[in-house]
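Take a moment to look at the chain before reading on. The paragraphs below walk through it part by part.

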Amino acid sequence: MSLTEFSAGAPLAPRGVSLPKVTVPALGEMKRQGKPISALTAYDYATARLVDEAGIDLILVGDSLAMVVLGHENTLAVTVDEMLHHTRAVRRGARRALVVADMPFGSYHGTIGEGVANAVRFLKEAGAEAVKIEGPRVEFVRALVEAEIPVVGHLGLTPQSVHRMGGYRVQARNIDAVLQLQADAFALATAGAGAIVLEGIPREVAAAITAAIPIPTIGIGAGPDCDGQILVFHDLVNLTFAPPAKFVRRYGDASALFRSAVEHYREDVEHHAFPSDAESYHLPESARRLFAIDPDGAGARDNADAVVNRDAREEMNEEMNQA
Ligand code: KIV
């Protein structure tokens, strides 16, 4: 596998340990070696760290963040500046994984020059290592490659086309559409895309494309025969507040975990059970006598009347300064 060493200074792994960095060429090598590519979305530092440290190969800062993080109805509203903000956070949390930033709706739908300028921002201002774009925009992919910007394509169910598609529907369900999709995948690969996400298409179609093109396919709702798989992090851990799509497998229930933790905390606060004496800071032993505190009592209170003696206060300050 063609890997380079990552030498960023963020203390994410034990210091002095250099990690083999996943690159776009490394993904191609994984396909050639038949090694499955694991990919997940992440939108913030903490999640990126967890995903990276779990050994996931590719982190996509997906525009799905418009829905799962920002609460929009679809992905169209998110802006370049918002995507840059989240990409920066993810980049700080990722050492080994390849960080791919989704270009949002509208940021590459005008002239090719405008699209390239927006893509440059993701690498220059946010540290992304590749961008992802939706649809068979072959000329644009060629321009990105020429500008030294690695690019991941995205075909099939492309959420930015929700209004044209009339909803989130499985694509490539008739022969004409299958042939068109195959041609589009081939054209993107020829134009220089490093990988292609295949979303919401029949397994058989994804398998045929995967076998036919030289670059990796990364499937989501496209069956098990792709070179890799990607899921939205919030789907994986049940943080979406909606019934999952057929292709989602929930590997954890963060919703139940977080809900119970928050409810427990609220109950403890309401019953004066948090914080405990052990979770509190303390004055030095000798100064405590100036306060009427019952450390074992649930409702320990300072007794202001106890601090009456000027000499005692001075003594206490002295002791605290020495402590
Ligand atoms: O935005 C996103 O999360 C995506 C994945 C579904 C591939 O594009």
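Two residues are in contact when heavy atoms of theirs lie within 4.5 Å. Keep that in mind for the packing described further on. Note also that this is a predicted model.

Start with the whole chain. It holds twelve helices and ten strands. Of its 323 residues, 45% count as buried. The accessible surface comes to about 17200 Å². Carbon and sulfur atoms make up 55% of that surface. Now consider contacts between residues at least 6 apart in sequence. Of these, 57% join residues at least 24 apart.

Next, the barrel. Which strands close into it? Eight do, in the order S3-S4-S5-S6-S7-S8-S9-S10, and their pairing is parallel. From one strand to the next, the twist averages 25 degrees. Strands of a sheet pair through backbone hydrogen bonds, either parallel or antiparallel.

One residue takes part on both sides. Ala39 has Ile230 as its bridge partner in S10, and Leu58 as its bridge partner in S4.

Leu58 leads us to strand S4. Both of its faces are covered. Leu58 and Leu60 are buried on one side, Ile59 and Val61 on the other. Helix H4 (residues 80–93) lies across S4 (58–61) and S5. The angle between H4 and S4 is about 155 degrees.

The loop between helix H3 (65–68) and H4 holds Thr75. Is Thr75 buried or exposed? Its relative accessibility is 2%, so Thr75 counts as buried. Leaving aside residues up to four places away in sequence, Thr75 touches Asp63, Ser64, Ala66, Met67, Pro159, Gln160 and Tyr168.

Now turn to helix H6 (residues 138–146). Its buried residues are Val138, Phe140, Val141 and Leu144. An α-helix has 3.6 residues a turn, so residues three or four places apart point the same way.

What do the buried residues of H6 pack against? Their partners are helix H5 (112–124), strand S6 (130–132), strand S7 (151–156) and helix H8 (175–191). Just after H6 comes Glu148, which takes a positive phi of about 65 degrees.

Phe140 also brings us to the aromatic rings. The count comes to two aromatic pairs. In one, the rings of Tyr108 and Phe140 have their centres 5.8 Å apart and their planes at 5 degrees. Planes under 30 degrees apart count as stacked, so this pair is stacked. Tyr108 lies in the loop between strand S5 (98–102) and H5, while Phe140 lies in H6, so the pair ties together parts that are 32 residues apart in sequence. Tyr108 and Phe140 are both buried.

Tyr265 and Phe274 form an aromatic pair that is edge-to-face. Their centres are 5.8 Å apart, with 65 degrees between the planes. Tyr265 is partly exposed, at a relative accessible area of 49%. Phe274 counts as partly exposed too, at 38% relative accessibility.

Terms used:
Residues numbered from 1 in each chain as written. Predicted model: local features only at pLDDT ≥ 70, side-chain atom pairs only at ≥ 80, totals over all residues. Heavy atoms only, no water. Buried < 20%, exposed > 50% of the residue type's maximum accessible area, 1.4 Å probe, protein only. Helix = DSSP H or I, 4+ residues; strand = E, 2+ residues; numbered from the N terminus. Phe/Tyr/Trp six-rings, centres within 6.5 Å; stacked < 30°, edge-to-face > 60°. Areas by Shrake-Rupley, 256 points an atom, 1.4 Å probe, with all protein chains shown as cover. Pairing = 2+ DSSP bridges. Axes fitted to C-alpha atoms, helices over the stretch in contact; angles between N-to-C directions.
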